[in-house]
Amino acid sequence: MTKKTRIAQSIASVMMLTLAVSACSGSGDEPEDSSTGTTASAAAAGDGPVAGSVLTVNWGGLPENWAPGAEMEAGNMRVPYENLTTLVDGEVQPMLAADWEQTDEALTLTLTEGVTFHDGTPFDAEAVKVNLETIKNTPGPYAGPFQVVESIDVVDDLTVRLNLSEPTPSLLTTLSTRAAPMASPAAIEDGSIAQVPVGTGPWAYDEAGSVPGTRMVFKAYPDYWGDPVGFESVQIVAIGEDTAASAAVASGEIDITDTETNQFSTLDSAGNVEHLGYPAIRNNPIFFDRGPGGMFEDVEVRQAACYALDTDTLAMLEPDWAVRTQHFAQSEQGYNPQIEGYSFDLEKAQELYDGAGNPPVEGDIMATVFNERQIQVYAEQLGEIGMDITVQSAPPPQYFSEWNSGRYPLGVGGNDELTPYDWYKSWFAADAPGNPAGVESDELKAAADAAIAAGSSDEADDLWAEVTRIISEEALTCAHVAGEELIAWNTDTVTGVAAPSQPWETNLVNYRDLRPAGS
């Protein structure tokens, strides 16, 4: 079946924008335009950024690697980069791809005209080919969903065809996520993209004005192809300590920061700071060392670990966490109402571990500043049944590059995949980048093959629900929790702050909607 999609409207704003160091007070509670996902003032503003305005944002750290395929927080990635598609109210809409036609065998994209990268390189079909091949060939979770792309044909300058090995109706959604930013092919090919981001967005990296490891400055790109934004430049800083970040946002030293619930009283007392939360984090442990001879090879050992983990205790320690039985929510494809999950049961955990012969489970697990307490709690809980897990703390850039690399027998991290196809292909298929053991049961493979073959048919939902049931039954992952991203901003300096339209991404606001207060 052929599906033709054409949407004749301007692209939705989902990226980044700069702050005013001067300004009056304002409010972030503007009505949202349901057709574009942008605020009314942002849609109406057509005269370009406010001269001299600088938006300073803090996400606690800077990416270690800016190359497509590397794992970087959305709040950083979406400053210089744009995607081929975007999500608005859950619907895929055009961005760098203006139009598309999808069949079970191929996805053909017609690209937006007149777009250039910040180094002057044209954005064309060859650039898309280089980017997607780079992502596909880069070790990490983002590579998994792109293994379906068997080859890429450059039809002409503005037409590119992705030839698919199997039906993949979720691919257009994947192209909208942080898995698939578009970077300059010249910078990819010479290797400079790892440290110097070169995208197509409204702001281009200013290396001269930046301080490595401390501050990255992005200035307005004069040849930007899209709608005007409100800030002339964006400055990303790295304040890792929450108390320091709260003081900085209250004083106006920075304009937006991520925060934690224990900072709310400080922020509220400032009088000029507001904060919001939005669902952004789906978090669960994954057992990587489950191959032949691995410490988690035995399903009963994995199940024992799952029953030993008490997510209710975690939720009491971390008020913004909500306990779930599975990865997907009730409204999402992949949700299975039959999944009960693994409620904390220490007696059952010990019984399963004893029944498996108490094989030695001794190893390290990686943590970082934002999840160290959670992972330490999990390590202590596993210790209750005799598993010896040592927590190794690392700075965020190292954590993002290593926690799921296979160097550790298990890990706890975000799974931000929006579709069950992407989730399966990222973590559980035999060739998934997040499955370094390379093992997959016959039952899981057969269920996934059936779901994939169903494409976008009516049967697909039930078939993907069966895939998630098997993943749960085999205890490939468990202890699911969902958390909020908490954002605080100075109302004297910036307006238009709202929860982002792009779902399940951390450290993010709709940057293009932001305006200097009083402008």
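Reader: What supplies the largest share of the lining of the second largest cavity?

Author: Helix H11 does, with four residues. H11 spans 372-383, and strands E13 (273-287) and E17 (410-414) also supply at least two lining residues each. Helices (H or I, at least four residues) and strands (E, at least two) are DSSP runs, numbered from the N terminus. The model is predicted: local features need pLDDT of at least 70 and side-chain atom pairs pLDDT 80 or more, while totals for chains, interfaces and linings use all residues. Residues are numbered from 1 along each chain as its sequence is written, and side-chain values use heavy atoms, without hydrogens and water.

Reader: Why is this space called a cavity?

Author: Because on a 1 Å grid over the protein atoms alone, a 1.4 Å probe fits at its points but cannot get out; lining residues have an atom within 4 Å of a point. The second largest cavity has a volume of about 70 Å³, counted as the space filled by probe spheres set on points joined across faces, edges and corners. Its lining includes Pro285, Phe287, Tyr378 and Leu410.

Reader: What makes up the lining of the second largest cavity by class?

Author: It has 12 nonpolar, no polar and no charged residues.

Reader: What makes up the lining of the largest cavity by class?

Author: Seven nonpolar, three polar and five charged residues line the largest cavity, which holds about 130 Å³ of space. Tyr142, Thr177, Ala179, Asp416 and Glu417 lie nearest its centre.

Technical notes
1 Å grid on protein atoms, 1.4 Å probe; cavity = no way out; pocket = protein on both sides within 12 Å on 5 of 7 lines; lining within 4 Å. Nonpolar A, V, L, I, M, F, W, Y, C, P; charged D, E, K, R; others polar.
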